[in-house]
Amino acid sequence: MATVYLVRHGQAARDVLDYDSLSALGRLQIQHLANYYRPYWQPALRHSGTLVRQRQSESVFGEQIGDQQAATADARWNEFDFLDIVRQHRPDWQDPAQMQQDLGREDHPGRAFLSVFRGALERWVDAGTDAPYTESWTDFTTRTAAVLSTLDDDNTHWVFTSGGVISALVCQALKLDAAAAMRINLGLHNASVTALVSQRGQWRLQGMNQTQHFVDQPDWLTFH
């Protein structure tokens with residue numbers, strides 16, 4: 001029976017155009033996660049996507065928990081291309097300077113971007129496989145299911161990935177629709193842990209968006 005711990009990467013950089021790296025707080029979040037689990041740590045295999053924020057999260061965790069075993073990086077754990085999805089929804093934002101200018105005029109740029117992002121996600125999910133996205137929702141869920149299936153049943157696995165991947169796999173396990181995946185995705189905390197267990201060839205949800213390691217640092221709960 002395999003247990004898979006899916007960790008959302010630590011907080012990323014605030015610049016939406018240079019998002020793919022951990023912030024200083026993001027590193028602290030992952031270190032705090034490792035410190036919490038270190039007393040209970042058992043040998044496990046570690047995995048990540050190939051995105052910088054995912055690989056950094058895995059590396060910080062491994063170093064902090066004291067496990068020098070090399071991790072495996074696989075692009076199938078990567079997040080969907082959120083900038084492509086947003087730009088398909090807002091073609092005028094193909095120009096990065098235009099996007100920054102528009103958001104800069106908002107009182108709350110982060111909230112403004114999130115509002116656009118919600119609409120862009122809905123459009124992406126409804127578009128099917130013929131729309132000109134770099135990856136359709138169907139293809140995204142297919143590849144995430146495929147990479148999960150490669151994890152053997154004889155080991156415990158820790159996977160450092162992103163919110164879209166985690167929410168897609170949760171919804172596949174619970175047989176929920178794409179709309180539920182989008183809602184789950186937007187509620188996943190950075191450095192949270194979601195656990196799946198393989199039983200009789202089926203993946204079952206054991207826990208989702210777990211953040212008990214931040215009970216002493218509630219201000220460290222973030223979403224991006």
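Trp 137, Phe 140, Thr 141, Thr 144, Ala 145 and Leu 148 in helix 6 meet Gly 164, Val 165, Ala 168, Leu 169 and Gln 172 in helix 7, where contact means heavy atoms within 4.5 Å. Sorted by class, this contact brings together seven nonpolar, four polar and no charged residues; Ala, Val, Leu, Ile, Met, Phe, Trp, Tyr, Cys and Pro count as nonpolar, Asp, Glu, Lys and Arg as charged, and the others, Gly among them, as polar. The model is a predicted one, with local features needing pLDDT of at least 70 and side-chain atom pairs counting only at pLDDT 80 or more, while totals for chains, interfaces and linings use all residues. Residues are numbered from 1 along each chain as its sequence is written, and side-chain values use heavy atoms, with hydrogens and water left out.

Two packed helices are described by the angle between their axes and the distance between the axes. Here, the axes of helix 6 (residues 137-149) and helix 7 (residues 163-174) come within 10 Å and cross at roughly 80 degrees. Axes are lines fitted to C-alpha atoms, for helices over the stretch in contact, and angles run from 0 to 180 degrees between N-to-C directions. Helices (H or I, at least four residues) and strands (E, at least two) are DSSP runs, numbered from the N terminus. Helix 6 and helix 7 are therefore roughly perpendicular to each other (under 35 degrees counts as roughly parallel, over 145 as roughly antiparallel, 65 to 115 as roughly perpendicular and the rest as oblique).

Next come the aromatic rings. A search of the whole structure turns up 17 aromatic pairs. Rings of Phe, Tyr and Trp (its six-membered ring) pair if their centres lie within 6.5 Å; planes under 30 degrees apart count as stacked, over 60 as edge-to-face and the rest as tilted. Take Trp 41 and Trp 158: their ring centres are 5.5 Å apart and their planes are at 50 degrees, so the pair is tilted. This pair links distant parts of the chain, with Trp 41 in the loop between helix 1 (24-37) and strand 2 (45-48) and Trp 158 in strand 4 (residues 156-161), 117 residues apart. Phe 82 belongs to helix 3 (residues 82-89) and Phe 113 to helix 5 (residues 109-126), 31 residues apart; both are buried. Trp 41 and Trp 158 turn up again in one aromatic cluster, together with Tyr 5, Tyr 36, Tyr 37, Tyr 40, Phe 61 and Phe 160.

Gln 29 lies in helix 1 and is buried, with a relative accessible area of 0%. Leaving aside neighbours within four places in sequence, Gln 29 is in contact with Gly 10, Gln 11, Asn 190, Ala 191, Phe 214, Trp 220 and Thr 222. Ser 198 sits in strand 5 (residues 193-199) and counts as buried at 9% relative accessibility. Lys 175, in the loop between helix 7 and helix 8 (178-187), counts as exposed at 67%. Most residues other than glycine have a negative phi, and most peptide bonds are trans. Lys 175, however, has a positive phi of about 60 degrees although it is not a glycine.

How values were computed:
Buried means under 20% relative accessible area, exposed over 50%, partly exposed in between (1.4 Å probe, protein chains only).
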